[in-house]
Amino acid sequence: MLHNTQLPNKPKPFRLNTMIVAIISAAVLLGIVIGVSLTSLANSNPENINSSVYIDSVAPDANVCVQYGASAIVTDTRVFLTLNPFKVYVTQPRMQPGCVLRTSDWAILQQKNLVTSQQASNCKNSLNTFAYTGKLENSPQVSCVYQNDAAGNLFASQNHP
């Protein structure tokens, strides 16, 4: 008597054929291309400043600023303080590109008669430096500024996941 016994089916090992690999590769590449193009579009908006290269490019006298100092984002805000009653009022900030010069490169401002030797001496005595907004040829607004390291860079100290 013959028994009708069936051999158990062995599972076939999974093999990726060339077509499946090609489809997965194409999908990954398409995702990368779309991601890069969306990121590029998002970063080209002038209201989205997230690059020091962009800040350098819009600084007044960009070549002078990069060579003799550093480009900056300048925020002008006025604060009004009343004492009776005690209240603080702040204006909307005005953002504009600016430039902070190294102390060794103030001569460029003096050559263009934008600061006097007395102003340079006063600024130097306080261990400050000069910064400006506007083009050097068009009467920029020059200020003696103090470097404040006390606040620290809270962006750099954040632990990001």
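Biologist: What makes β1-β4-β5-β6 an open sheet of 4 strands, and how do they pair?

Modeller: In this predicted model, the 4 strands follow the order β1-β4-β5-β6 with antiparallel pairing. Strands are DSSP runs (E, at least two residues; helices are H or I, at least four), numbered from the N terminus. Two strands pair if DSSP finds at least two bridges between them. β1 (69-76) and β6 (141-145) stand at the edges with a single partner strand each, so one side of each lacks a neighbour in the sheet.

Biologist: How do you know that β5 and β6 pair?

Modeller: The antiparallel strands β5 and β6 are joined by 5 bridges, and at least two are required, so they count as paired. F130 has C144 in β6 as its bridge partner.

Biologist: Why is the pair of W106 and F130 called edge-to-face?

Modeller: Rings of Phe, Tyr and Trp (its six-membered ring) pair if their centres lie within 6.5 Å; planes under 30 degrees apart are stacked, over 60 edge-to-face, the rest tilted. Here the centres are 4.8 Å apart and the planes stand at 70°, so the pair is edge-to-face.

Biologist: Why are W106 and F130 called buried?

Modeller: Buried means under 20% relative accessible area, exposed over 50%, partly exposed in between (1.4 Å probe, protein chains only). W106 has 7% and therefore counts as buried; F130, with 3%, is buried as well.

Biologist: On which residues and atoms do such values rest?

Modeller: Residues are numbered from 1 along each chain as its sequence is written, and side-chain values use heavy atoms, without hydrogens and water. Local features need pLDDT of at least 70 and side-chain atom pairs 80 or more, while totals for chains, interfaces and linings use all residues.
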